[in-house]
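Good morning, and thank you for coming. I would ask you to keep the sequence and the model in view while I speak.

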Amino acid sequence: MCNCCGINLKLTYMKTVKFFLGALALAAVSMIVAPSVNAQENGNRDENGKIVRGPYLTNQFGDNWFIGVAGGMNFFGDGGYKPAVGGALDVNFGKWITPAIGLRAGYTGLTGAEWSKNPTVLGTELNADKDMYKQKFGFAYIHADVMWNISHAIGGYKETRLWNFVPYAHAGFLRTYGRAGAEFGDNEFAMGLGLLNNIRLCQRLDLTFDVRGLLMNGNHHAGNGGVAGLIQTTIGLSVNLGKTNWTRAANWHNPEDVEALDAAAASAAALAAANAALAAEKAELQKANEALEAKNNDLEKALAEAQANSGLKEVGPAAFYFEIGKTTLDKKELEHLDFYLKNVLPFVKGKTVTVITGSADKKTGTAKRNQYLCEKRAEYLKNLMVEKYGIDASDFAVRTVIATEGDASLSRAVVVSFE
C-alpha cells in the first residue's frame, strides 16, 4: 500500500491541510463568540471600571488541579482516502500554574476510520451506498499540552466566569493498533493545536468542549507515508481539585499583620461611627441656632415696632434729690435713677450730650460751700452713670446752678437731660 509517488504525496498533504484548517476554523468561531459572552461579565473590574489583572500569588502544589473525561468523534485524513467518523475518548489531568497558563497530559484515541476504494487488511466489506470500503483501526495518542486561558489573560481573572476559552499547543506519540496482519508505524511523533472551551457548572465541575487538530506521519497506519491529519471534537466533564481560586498579590497580607489590620479596621469603624454622631449633633445644633436666630429677629422686630409705636418721642429731664449737705444719693433716689436710666437709655440713641446740672440752696450755707456741693453732686452722678451704666464720659456736659428761689429741699438736686 506504500505509494511514494509525488502526486499521491501532494494529495495527502493538501487533504491534511484542509483538515487542519477546518480545526482552526472551529477554534476561530469559538474565539469570535468569546467577547460577546465575556461582555456579560462585570465582576472583575475596579472602582474606576478598569479590568483587574495580576500579579497573583504562586499557588501551592496541591492547588488548581483538574481531571477531565470526554467523548466525541475523530476524523482522519490521508492520501487516497476519504474521512469517516470514528469514536473518540479523551482522558487527561493537569494543573494551572497561573490563572492564564496551565499544563496538561493525557490520552486521546479510541478508533479511527477512513473510506477506501479498494479493500485492505483494515477493511474488506464493501458499502453498497458509497461503493467504498471502510477502513477501521484503533489508536492511542499520549500527549502533553501547554494551555493559555485567553479569557483570564485578556478579560482579567474571575473565578465565576461562565465561559473560558483556552487555546493550547500539544505534542506526543501516536500508536496505531487493532488489526492483525496490518503494517503500522508504531509511535509516530504527532503535534498540533487545539481550543478547549470550559463552561462553569459549579465550583468543582466544568462542562468541556474540545476541538483538536493533529498532524502526524502517514505511516501511522498501513504505511501510506506522507503527512496525515486528524480533527477531534469531544464533549465531557472536568473536575477541579484542591484550591480552585487565585489571590491577587495586591490583596494579600502577611498573616502576622492580620490582627493589626483587624484592629485598624475596627478603629476606622469606630471613628466613622463617632463622626456620624458628631455630624448628627452638628445638624441638631445648626437647627437650634437657626431657630434662635429666627426668634431673635422676631424680638428685634417687635422691639422696633414697640419703640416706633411708643409715645416717647422726646426724653424729658429727671431730677435726683440729695439730703442737706450730702453729695451722694440715698437708696431711694438710687432706685429712682436706676429705673429712669433703664427705661430712658434705649430711646436716646444718637443723642451725644448728656447734661448734668448740679444745684444747691442759696438760703443755707455760704456761697463757697454751695458751689462745692453743686460740683461734687454733679461729678458723683456723672461717675455713677459712666461706671454703672456705661455712658461714654466724653458725652457729658456738666453745669452748676445755685437756686435763689423756691423750696430749698427741691433745690438740693442734680438734673439729668439729653440733647
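I shall speak about salt bridges, then nonpolar cores, and finally some individual residues and a surface patch.

This is a predicted model, in which local features need pLDDT of at least 70 and side-chain atom pairs count only at pLDDT 80 or more, while totals for chains, interfaces and linings use all residues. Residues are numbered from 1 along each chain as its sequence is written, and side-chain values use heavy atoms, with hydrogens and water left out.

Let me begin with the charged pairs. A salt bridge here is a side-chain nitrogen of Lys or Arg within 4 Å of a carboxyl oxygen of Asp or Glu. By this rule the model has five salt bridges. One of them joins the side chains of Asp90 and Arg212, at 3.4 Å from N to O. Asp90 is in strand S3 and Arg212 in strand S9, 122 residues apart; helices (H or I, at least four residues) and strands (E, at least two) are DSSP runs, numbered from the N terminus. Asp90 and Arg212 are both buried, where buried means under 20% relative accessible area, exposed over 50%, and partly exposed in between, with a 1.4 Å probe and protein chains only.

Arg104 deserves attention next. Its side chain meets that of Asp145 in a salt bridge of 2.8 Å, N to O. This pair links strand S4 with strand S6, 41 residues apart. Arg104 counts as buried because its relative accessible area is 4%, and Asp145 is buried at 2%. Arg104 also forms a salt bridge with Asp210, at 3.5 Å from N to O. Because Arg104 lies in strand S4 and Asp210 in strand S9, this pair ties together parts 106 residues apart in sequence. Through shared partners, salt bridges join Asp90, Arg104, Asp145, Asp210 and Arg212 into one network.

I turn now to the nonpolar cores. Such a core is a set of buried Ala, Val, Leu, Ile, Met, Phe, Trp, Tyr and Cys residues joined through side-chain atoms within 4.5 Å. Which residues have the most contacts inside the largest one? They are Phe320, Tyr340, Ile356, Leu381, Met385 and Val416, in a core of 19 residues. Strands S11 and S14 and helices H4 and H5 each supply at least two residues of this core, and H5 gives the largest share, five residues. A second, separate core has 11 residues, among them Phe76, Leu122, Leu214 and Leu230.

S11 pairs with S14 in the antiparallel sense over four bridges; two strands pair if DSSP finds at least two bridges between them. Ala319 has Val415 of S14 as its bridge partner.

Lastly, some individual positions. Tyr157 lies in the loop between helix H2 and strand S7. Is Tyr157 buried or exposed? Tyr157 is buried, because its relative accessible area is 13%. Ile199, in strand S8, counts as partly exposed because its relative accessibility is 22%. In strand S4, Ile101 is likewise partly exposed, at 37% relative accessibility. Ile101 also belongs to a nonpolar patch on the surface, together with Ile97, Leu103, Val146, Trp148 and Ile154. Patches are made of residues with over 30% relative accessible area and no salt bridge, like charges being joined within 9 Å and nonpolar side chains (Val, Leu, Ile, Met, Phe, Trp, Tyr) within 5 Å.

Terms used:
Accessible areas come from the Shrake-Rupley method with a 1.4 Å probe; for residues, only the protein chains shown count as cover.
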